[in-house]
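Hello,

Here is the structure I promised to pass on. Please look it over first; my notes follow below.

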Amino acid sequence: MLGRSAELAGATSITEVDQSARALAFASAHHSGDAAKHHYIVADVFDWLPGLADAELYDLVIVDPPSMASKQQQIPTVLAAYRKLYRAVARHVVPGGAVVAACCTSRVERPLFERTVREALGPGFSLERDLPPEPDHPVGFAQADYLKVGIWRRAR
Ligand SMILES: C[S@@+](CC[C@H](N)C(=O)[O-])C[C@H]1O[C@@H](n2cnc3c(N)ncnc32)[C@H](O)[C@@H]1O
């Protein structure tokens, strides 16, 4: 779905990486207007990202993983995965470009997520916007406030 949003926002080349061939087939069938703009890659992103050439740079990288922890004991592992992911992503964003960092792991609360992403992206990035959940996800009690989205801008 984000691929379609990117296309509607004017992206002319959209690369979507997912380890699920089924998810990408669904995206291809339902979430692309101009198929020529979409490139689908079935891969584990932790394997794929380190293999990217240094010269491969993107204007915008959207990191939208699933919830990664159901138990408190898993949090250190999840944070290590986020660090690995954002360190790798930081190397492939053009100056002036951005990273959209999404997190739906409820046990990783907003300040911890922000701190983790900030440290992993490094001093070249700053938090431009911290978005609240959309109106279709009302937050009526503390535990419902688990959807976190930050827009991080790389300095020019
Ligand atoms: C929240 S969904 C992303 C939805 C997507 N942004 C969209 O708009 O359709 C999370 C996706 O991450 C994928 N995923 C989970 N672990 C992954 C990994 N290690 N490498 C690549 N994809 C992974 C899942 O298959 C799932 O489709």
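The lining of the largest cavity has four nonpolar, one polar and four charged residues. Here Ala, Val, Leu, Ile, Met, Phe, Trp, Tyr, Cys and Pro count as nonpolar, Asp, Glu, Lys and Arg as charged, and the others, Gly among them, as polar. A cavity is a set of points on a 1 Å grid over the protein atoms alone where a 1.4 Å probe fits but cannot get out; lining residues have an atom within 4 Å of a point.

This is a predicted model: local features need pLDDT of at least 70, side-chain atom pairs count only at pLDDT 80 or more, and totals for chains, interfaces and linings use all residues. Residues are numbered from 1 along each chain as its sequence is written, and side-chain values use heavy atoms, with hydrogens and water left out.

The largest cavity holds about 60 Å³ of space, a volume being the space filled by probe spheres set on the points, which are joined across faces, edges and corners. Among its lining residues are Arg-110, Leu-127 and Trp-152. Strand 6 gives the largest share, four residues.

Now the sheet. It is open, with four strands in the order 3-4-6-5 and mixed pairing. Strands (E, at least two residues) and helices (H or I, at least four) are DSSP runs, numbered from the N terminus. Two strands pair if DSSP finds at least two bridges between them. Strand 5 and strand 6 (residues 148–154) are antiparallel, over six bridges. Leu-131 has Val-149 in strand 6 as its bridge partner.

Best wishes

Technical notes: 1 Å grid on protein atoms, 1.4 Å probe; cavity = no way out; pocket = protein on both sides within 12 Å on 5 of 7 lines; lining within 4 Å.
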